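Here's a quick briefing for anyone meeting this chain for the first time. Have a look at the structure, then read on.

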Amino acid sequence: IIGAIALFGGDPKDKYYVSKAVYVSYDASGNVTNKETYEYYNEDDEFPGRKEESNGQVTGERKVERDKKGRITKITEKSSYGDKVVFRFDEYKEDGIYVSEAKNEQNGQTRKIKLGYKKDVIVLHKEFYNDQPISSMERDGKIVTEKEYSNGEVVGTQTTELNKNDYPIRVEYKSDVDSIEDYVVTYERDKKDNVLEYVRKDSAGEVVEKYVAEYDKNGNCTSRTEYDAEGEVTSKWTGEYNKYDICIKGESRDENDEITSYYKLKKESKDKIVVEHYNGEDTLISFTEYTIEKGKLTEAKSYDGVSEELRSTTLYNKHGLVIEERSYYNEGGKLSSKTTYEYAKK
């Protein structure tokens with residue numbers, strides 16, 4: 001749903017985040033089969049509002065209310081069974097932080113949420129079921145500790161170290177049940193927080209997964225090489241992009257350095273760009289037509305390479321952000337789903 005969120009960087013579109021997303025699916029006759037609406041308070045909301053509909057009936061809903069500082073004061077949840085679960089947060093101070101706690105009792109069961117804020121940022125998040133903890137998150141500066149529980153006992157702990165922009169640079173997981181599940185992941189990032197190197201090590205400290213990447217000035221990945229545990233290359237991607245961030249030339253290679261797929265520019269003019277996508281046998285898989293108006297990318301339409309039927313459509317606003325995505329059934333070109341996005345400034 002939130003695939004439309006832009007990469008972190010200096011581009012004007014990076015000043016916005018998705019504030020609302022609406023997903024609708026259709027059957028072959030054009031009838032709505034499902035509708036989901038998500039509303040977000042900020043760009044990284046742990047508690048988004050949600051509304052799900054099926055055949056015109058609300059099947060699930062969550063409303064989140066906040067105070068002027070953005071702190072949660074009430075959560076209302078509703079299901080197709082008509083149940084209504086309300087969390088009202090009572091506030092108090094604990095260890096120097098603002099804490100709010102909510103409890104709901106229903107059918108003899110108790111659910112409890114405990115949130116802690118520091119400078120109006122969530123630094124504590126614990127959930128309980130029948131007074132037994134089921135999950136927890138605590139943040140101390142740039143260190144975030146998350147715990148998972150079983151029967152009230154900790155079974156795994158994940159510790160994440162963040163950089164100054166709150167992107168992970170090191171993640172360590174330790175299991176209290178089986179140490180063979182332990183791992184450490186490290187990220188090397190550039191000034192725009194794009195990942196230059198990703199390394200995952202197992203409980204014995206051996207590398208099990210790795211990739212290195214390069215990017216252009218707009219954050220587009222121009223090279224990505226993946227390695228296995230022995231350090232052998234398993235796949236490689238290289239790409240070139242135009243000023244609209246459209247990949248106009250690119251190829252993927254396997255462990256034998258053989259091309260498995262590639263992109264190439266077929267047509268480029270001031271108002272239209274066409275890019276074709278081929279497999280390793282030089283068979284056309286798909287092609288995409290991009291529409292340019294007054295120097296701005298406004299629309300992209302992707303077609304099947306064999307039948308030439310429309311497969312998907314994407315619309316962009318003046319900032320280059322996706323405002324609508326459509327997908328179509330394989331036969332007949334009928335709409336199968338649509339997602340629309342609204343944005344707010346960060």
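**Starting with one residue**

Leaving aside neighbours within four places in sequence, Asp90 is in contact with Val99, Ser100 and Glu101, where contact means heavy atoms within 4.5 Å. You're looking at a predicted model, so to speak of local features takes pLDDT of at least 70 and side-chain atom pairs count only at pLDDT 80 or more, while totals for chains, interfaces and linings use all residues. Residues are numbered from 1 along each chain as its sequence is written, and side-chain values use heavy atoms, with hydrogens and water left out.

**More on Asp90**

- Asp90 lies in strand S7 (residues 90-94); strands (E, at least two residues) and helices (H or I, at least four) are DSSP runs, numbered from the N terminus.
- Asp90 is exposed, with a relative accessible area of 54%; exposed means over 50%, buried under 20%, and partly exposed in between, using a 1.4 Å probe and protein chains only.
- From C-alpha to C-alpha, Asp90 and Lys74 are 9.4 Å apart in space, and they sit 16 residues apart in sequence.

- You'll find Arg71 in the loop between strand S4 (57-66) and strand S5 (72-79).
- Arg71 counts as buried, because its relative accessible area is 14%.
- Not counting residues up to four places away in sequence, Arg71 touches Glu65, Arg66, Tyr98, Tyr117 and Asp120.
- Arg71 and Asp120 are 49 residues apart along the chain, yet their C-alpha atoms are separated by 6.6 Å.

**Aromatic rings**

- Rings of Phe, Tyr and Trp (its six-membered ring) pair if their centres lie within 6.5 Å; planes under 30 degrees apart are stacked, over 60 edge-to-face, and the rest tilted.
- That rule gives a count of 8 aromatic pairs.
- One of them is Tyr98 with Tyr117, an edge-to-face pair at 5.7 Å centre to centre with 65° between the planes.
- This pair links distant parts of the chain, with Tyr98 in strand S8 (residues 97-106) and Tyr117 in strand S9 (residues 109-118), 19 residues apart.
- Tyr98 and Tyr117 are both buried.
- Tyr173 and Tyr183 make a stacked pair, 5.5 Å centre to centre and 15° between the planes.
- Tyr173 is in strand S14 (residues 168-175) and Tyr183 in strand S15 (residues 183-189), so this pair ties together parts 10 residues apart in sequence.
- Tyr173 and Tyr183 are buried too.
- Tyr187, Tyr198 and Tyr211 form one aromatic cluster.

**Charges over rings**

- A charge sits over a ring if NZ of Lys or CZ of Arg is within 6 Å of the ring centre and within 35 degrees of the ring normal.
- Arg189 has its charged end over the ring of Tyr187, 5.1 Å from the centre.
- Lys210 does this with the ring of Tyr227, its charged end 5.6 Å from the centre.

**The chain as a whole**

- The chain has 0 helices and 27 strands.
- Its C-alpha trace spans about 65 × 55 × 35 Å along the principal axes.
- Of the 346 residues in the chain, 37% are buried.
- Among contacts in the chain with a separation of 6 or more, 18% are between residues 24 or more positions apart.
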